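Hi there,

Here is the structure I promised to pass on. My notes on what turned up follow just below it.

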Amino acid sequence: MFETQFLLYQTLENRGIHLQNEIEGPYSCDWENTWLGEGYYYWYHHIALAKWWGKSRYGENKYIVFNSKCTDLSKCWDLHTGPGQDLFLYWLSKMKEQELLNETTTVAQVLEFIKNEFHDFSFEGIRILGVDSIAKK
């Protein structure tokens, strides 16, 4: 059976303003090391990863996890599966042709390039697999 509701988790620093977070959230992430650029970051389906990120980013007991439900992924660019990956690789080849791709190019820079070149870019979100998200000790 296909999923009709998708559980999403957003990890936040615990600033003791839970009710305010529930009213105002979700929050866009814009710190300098955002892997996919500025936007809303969620952990899809795996609350354990949301908790791991909270401990890694903010410290033990210094984070909170909020959940959301999504019922429509049609505006989500799925980089986790074949067709979405193929499109991403196409844009990487375009950057390489224009000599804009090197060892220091970030995923966020590639996404900005795509948005600037492809004016009909209609995706509002990106789904990507966090391979090796949890650090090995």
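A term to start with: a residue is called buried under 20% relative accessible area, exposed over 50%, and partly exposed in between (1.4 Å probe, protein chains only). Please keep in mind that this is a predicted model, where local features need pLDDT of at least 70 and side-chain atom pairs count only at pLDDT 80 or more, while totals for chains, interfaces and linings use all residues. Residues are numbered from 1 along each chain as its sequence is written, and side-chain values use heavy atoms, leaving out hydrogens and water.

Lys-115 pairs with Glu-112, the closest N and O atoms being 3.8 Å apart. The two are separated by about one helical turn because they sit three residues apart in α4. Glu-112 is partly exposed at 42%, and Lys-115 is partly exposed at 35%.

The whole structure has five salt bridges. Another one joins Glu-124 and Lys-75, at 3.7 Å between the closest N and O atoms. Glu-124 lies in the loop between α4 and β5 and Lys-75 in the loop between β3 (63-70) and β4, so this pair ties together parts 49 residues apart in sequence.

Best wishes

How values were computed
A salt bridge is a side-chain nitrogen of Lys or Arg within 4 Å of a carboxyl oxygen of Asp or Glu. Helices (H or I, at least four residues) and strands (E, at least two) are DSSP runs, numbered from the N terminus.
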